[in-house]
Amino acid sequence: MTISPSSIEQVIPGQGAMAQPSAAPGRAKRRRFRFVANAKAATGLVILGVYCLFAVIGPWVAPYDPDARSADVLQAPSARHWFGTTHLGQDIFSQILVGARSVMVVGLLAGVLATILSILIGVTAGYIGGVPDEGLSALSNVFLVIPALPLIIIVTSIVEQASDTLVALIIGLTSWAWGARVLRAQTLSLRRRDYVEAARATGERTWRIILFEILPNLTAIIASGFVGTVIFAVMSEITLAFIGISSISSWNWGTILFWAQGQQALAQGAWWWFVPAGLAIALLGTALALINFGIDEFVSPRLRSAGKTRIRTADGRTVRMRVGFTPVLAPASRPVPAPREEVAP
Amino acid sequence: MRFLLQRTAFYLFTAWAAITLNFFIPRLVPGDPVQSLISRNQGRISADAIESLRVLFGLDSNENIWEQYLDYWGQLLHGDLGLSFTFFPTPVSTVIGDSLPWTVGLVGITTIISFLLGTALGVGAGWRRGSWVDGLLPATTFLSSIPYFWLGLVAIAVFTGPGSFFPSSGGYEAGLVPAFDGYFIPSAIKHSVLPAATILVSSMSGWILSMRNMMVTVSSEDYITVAHAKGLSERRVALSYAARNALLPNVSGFALSLGFIVGGTLLVEIVFSYPGLGYQLFQAVGYKDYPLMQGIFLIITISVLVANLLADVAYLLLDPRTRKS
């Protein structure tokens with residue numbers, strides 16, 4: 001439920017480790033898929049792809065109608081009902097498949113909306129500066145500090161039976177602030193770079209500088225902010241459905257948990273009623289978080305958990321490599337006394 | 001000092017924004033919420049109460065919006081948040097006063113423990129980058145992706161039941177009267193173990209990760225190399241040099257994400273029927289109890305602002321640079 005603070009923001013100030021024009025023109029083609037080569041990002045993307053696939057085909061491949069009642073009341077998972085059945089004999093596997101679409105649509109829609117808002121507000125504030133910057137920064141800080149979820153709950157509860165689109169709108173309009181803050185900080189540091197100054201000196205228009213000089217260098221941050229917002233949006237939507245505020249007539253994983261909770265699934269020992277939905281949510285969240293780590297590590301290589309750090313030297317000792325150090329691997333014939341803490345006994 | 005004044009001014013501004021937002025939200029409610037309340041409680045509401053509710057919802061057409069706004073502030077400064085629909089005719093302030101200690105006790109304490117514990121573990125994980133600890137990171141990712149309330153459901157299913165030590169709901173045993181005595185306190189602690197553990201497990205991993213990443217970033221700085229070269233003990237370099245500097249962004253991150261965390265933890269109360277603000281909010285939503293919802297939102301926001309101010313003071317103590325300017 002929390003948005004884990006991205007390390008990107010913390011790397012920004014003055015480090016210049018990121019957003020530097022990386023690829024030489026001739027090698028651009030080879031480097032294009034480097035991001036996918038990161039194991040974490042690749043795993044996340046594959047899982048996300050599977051979810052997207054089910055969001056599209058879910059309602060067609062579902063073995064039963066998720067609303068259809070049957071005589072198999074509260075059955076444990078079996079060959080006929082993979083995830084068991086509810087108190088009305090509805091097939092839970094079908095409900096999960098059908099619910100995937102609503103979850104993904106709300107998550108992506110809210111993510112896109114919040115990302116657009118954060119770009120508009122964050123980049124404008126960072127690039128223009130002065131009074132507009134003060135105002136926009138104050139606005140995003142206010143939205144950041146006000147607890148979003150209670151606000152979303154209250155606003156949604158005003159509307160009778162809120163639809164998916166409306167829920168996505170409400171979430172998107174309340175969750176752009178984090179991205180705007182990060183984007184503003186990075187735009188501030190980009191604004192005074194030489195190539196931007198050069199573009200300004202040659203008389204490029206402001207919108208052109210922002211679109212073609214600044215924005216491409218913000219891609220990683222925008223992507224990471226988008227993924228973070230999607231996580232938050234999915235969690236919020238499921239929460240709203242779970243406490244029964246948004247429409248309970250359409251299926252999403254929160255609705256399943258809502259019925260499970262309401263029908264005392266716990267007391268009846270019907271674990272299959274709420275475990276699959278929760279795992280589906282957690283797996284989606286993990287996939288998105290993995291993509292975000294991939295972006296973080298892609299941007300700031302120090303964060304990679306780089307392979308082996310214990311290295312055996314020629315004379316049989318082991319040395320632990322550490323960031324910022326270059327251990328001297330002395331030849332066996334002339335051992336150099338290494339600092340004590342670096343040598344394993 | 002200047003830094004603190006600036007922050008305080010900002011929090012006052014935010015509080016004003018939240019209160020203004022709170023003023024406008026009920027005016028967006030379609031139809032006449034008071035009418036629906038009256039029809040639900042046929043004949044049980046006095047004419048006076050109806051009139052005061054109409055003022056609260058801005059249904060009093062004799063006043064323009066500006067006068068309504070001033071009236072609202074006047075009510076608020078008197079601590080009058082209206083009457084709760086759910087517990088009619090109890091004032092909202094009483095309902096909130098009853099449930100606030102529970103939330104502060106559960107959510108407040110566990111959030112601080114989770115931050116401290118997560119940060120400490122993150123220091124370890126960041127300093128030992130490349131060891132087996134890195135292998136645990138994906139597991140923490142998974143844990144932090146689980147919705148708090150679902151973890152609570154699983155905890156109830158696994159740990160509670162007939163004959164189990166852990167109770168599955170409530171804040172204390174039925175029949176006890178809230179008081180600081182030998183019967184009530186142990187019962188309250190017993191009831192809070194599972195919710196607290198749920199919050200800890202799912203909120204801690206965020207802190208571990210961000211602290212680990214900061215440690216990794218900091219430990220390649222030159223001053224760390226210098227500290228090593230001076231021959232300081234590893235422990236001293238890790239804690240006094242690296243961790244102290246890595247902590248700063250984590251503290252400001254803590255302040256900023258409090259709003260998100262509190263929102264999530266309120267759900268744990270719902271699952272455990274814990275008598276705090278989150279559970280009250282849940283009930284208020286069920287009964288369309290707008291005054292109670294607004295009051296809870298206001299109290300949560302103000303608590304988060306106060307917590308933010310405290311985090312800023314902590315930042316001030318940790319970072320000498322802010323004191324100098």
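# Reading a two-chain predicted model

Q: A:Glu297 is buried, with a relative accessible area of 7%. What does buried mean?

A: Buried means under 20% relative accessible area, exposed means over 50%, and partly exposed lies in between (1.4 Å probe, protein chains only). This is a predicted model, where local features need pLDDT of at least 70 and side-chain atom pairs count only at pLDDT 80 or more, while totals for chains, interfaces and linings use all residues. Residues are numbered from 1 along each chain as its sequence is written, chains are lettered from A and ligands numbered from 1 in the order in which they are written, and side-chain values use heavy atoms, with hydrogens and water left out.

Q: What share of chain A is buried, and what share of chain B?

A: In chain A, 51% of the 345 residues are buried. In chain B, 51% of the 325 residues count as buried.

Q: How many helices and strands are in chain A and in chain B?

A: Helices (H or I, at least four residues) and strands (E, at least two) are DSSP runs, numbered from the N terminus. Chain A has 14 helices and two strands. Chain B has 13 helices and zero strands. Its pattern along the sequence is α-α-α-α-α-α-α-α-α-α-α-α-α.

Q: What part of the contacts joins residues 24 or more positions apart in chain A and in chain B?

A: A contact means heavy atoms within 4.5 Å. Take the contacts with a separation of 6 or more. In chain A, residues 24 or more positions apart account for 68% of them. In chain B, the share is 74%.

Q: Back to A:Glu297. Which residue forms a salt bridge with A:Glu297?

A: Side chains of opposite charge can pair when their charged atoms come close. A salt bridge here is a side-chain nitrogen of Lys or Arg within 4 Å of a carboxyl oxygen of Asp or Glu. A:Glu297 forms one with A:Lys40, and the closest N and O atoms are 2.8 Å apart. A:Glu297 lies in helix H14 of chain A and A:Lys40 in helix H4 (residues 39-61) of chain A, so the pair ties together parts 257 residues apart in sequence. The two side chains are also joined by a polar contact of 2.8 Å. A polar contact is a pair of N or O atoms within 3.5 Å; within protein, one must be able to donate a hydrogen and the other to accept it, and residues adjacent in sequence count only if both atoms are side-chain atoms.

Q: How many salt bridges are there over all chains?

A: The count comes to six. One of the salt bridges joins the side chains of A:Arg184 and A:Asp133, at 2.7 Å from N to O. A:Arg184 is in helix H9 of chain A and A:Asp133 in helix H6 of chain A, so this pair, 51 residues apart, links distant parts of the chain. A:Arg184 is partly exposed at 25% relative accessible area, whereas A:Asp133 is buried at 9%.

Q: What does A:Glu204 pair with?

A: A:Glu204 forms a salt bridge with A:Arg208, with closest N and O atoms 3.5 Å apart. A:Glu204 is partly exposed, at 24% relative accessible area. A:Arg208 is partly exposed too, at 35%. Elsewhere, salt bridges that share partners join A:Arg192, A:Glu197 and A:Arg200 into one network.

Q: How many residues of each chain take part in the contact between the chains?

A: Chain A gives 62 residues and chain B gives 68 residues. The size of an interface is often given as the accessible area lost when the parts come together. Buried area is that loss (1.4 Å probe), summed over both parts. Between chain A and chain B, the area is about 6000 Å², and carbon and sulfur atoms give 73% of it. One residue pair across it is in polar contact, both at pLDDT 80 or more.

Q: Which helices of chain A each supply at least two residues to the side that touches chain B?

A: Among them are helix H1 (7-11), helix H6 (130-145), helix H12 (219-242) and helix H14 (271-299) of chain A. H14(A) gives the most, with 12 residues.

Q: What span should helix H8 of chain B have?

A: The expected span is 1.5 Å times one less than the number of residues. Helix H8 (residues 184-218) of chain B has 35 residues and should span 51 Å; its end C-alpha atoms are 47 Å apart, which agrees.

Q: Where does H8(B) bend?

A: The bend at a residue is the angle between axes fitted to the seven residues ending there and the seven starting there. H8(B) bends by about 35° at B:Val193, and a proline, B:Pro195, follows within four residues. Of the 35 residues of H8(B), 27 are buried, so this helix is largely enclosed by the rest of the structure.

Q: What is the phi of B:Ser273?

A: Most residues other than glycine have a negative phi. B:Ser273 is not a glycine, yet has a positive phi of about 50°. B:Ser273 sits in the loop between helix H10 (234-272) and helix H11 (277-286) of chain B. B:Ser273 is partly exposed, at 25% relative accessibility.

How values were computed
Buried area = accessible area lost by both parts, 1.4 Å probe.
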